[in-house]
Amino acid sequence: MAASAGPEIERLISLLAKLPGLGPRSARRAALALLKRREQLLVPLAASLAETAEKVVSCSVCGAPDTRDPCAICSDGARDNGLICVVEEAGALWAMERSGAFRGKYHVLGGLLSALDGVGPEHLRIVELVGRVRGGGVREVVLALPATVDGQTTAHYIAERIAGPEVQVTSLARGVPVGGELDWLDDGTIVQALRARRPA
């Protein structure tokens, strides 16, 4: 297909298309919006991207992105050091933080085990997690991983690696969401909700 714009614009579109949720058409629309509002959007975005690329690092303790190391959460003395929540990526950590319900520390794996994609334990931050747990002081590890085959495989592998009499390994409850109606739920969610039922 012949390029319909200059090489710089085509490169911008090509890079935007690599972002999750953006295909070629969405990327083209986003690029046009940025170009149309150059001073309000494009220039500040370019500056922010450059600053982020320069200043953001991965926390050496939990693996979360931040502008300092250790990150703000790992440095927070008010957090419970004995409670670690294991998540796949930083997006899940941010979702947990939005809820305001978790006051412990985190551990970002950087992905999930996947035989099909060639992702083994050596590709994830599992050794670092085991080291944190073995270091002492951790009484509970919450596995907040997706309810997928890869997520459950990863959770099982981690549980086997860190299980011990001094550490409780738990996972997030699964089932009917708050405000959810049964006729809109898939079979797997209903089955999981029945298995995780508790006294009313």
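This is a predicted model: local features need pLDDT of at least 70, side-chain atom pairs count only at pLDDT 80 or more; totals for chains, interfaces and linings use all residues.
Residues are numbered from 1 along each chain as its sequence is written, and side-chain values use heavy atoms, with hydrogens and water left out. Local features need pLDDT of at least 70 and side-chain atom pairs count only at pLDDT 80 or more, whereas totals for chains, interfaces and linings use all residues.

The chain has eight helices and six strands, taken as DSSP runs (H or I, at least four residues, for helices; E, at least two, for strands) and numbered from the N terminus. From that end, the order of elements is α-α-α-β-β-α-β-α-β-α-β-α-β-α.

The radius of gyration, taken over C-alpha atoms, is 21 Å. A compact globule of 200 residues would have a value near 16 Å, by the rule of 2.2 Å times the number of residues to the power 0.38. The C-alpha trace spans about 65 × 45 × 35 Å along its principal axes. Of the 200 residues, 29% count as buried, that is, under 20% relative accessible area with a 1.4 Å probe, protein chains only. Contact means heavy atoms within 4.5 Å; among contacts between residues at least 6 apart in sequence, 47% join residues at least 24 apart.

Thr170 is found in strand β6, which covers residues 168-171. Neighbours within four places in sequence aside, Thr170 is in contact with Glu140, Val141, Val142 and Leu143. The side chains of Thr170 and Glu140 are joined by a polar contact of 2.8 Å (a pair of N or O atoms within 3.5 Å; within protein, one must be able to donate a hydrogen and the other to accept it, and residues adjacent in sequence count only if both atoms are side-chain atoms).

Notes:
Buried means under 20% relative accessible area, exposed over 50%, partly exposed in between (1.4 Å probe, protein chains only).
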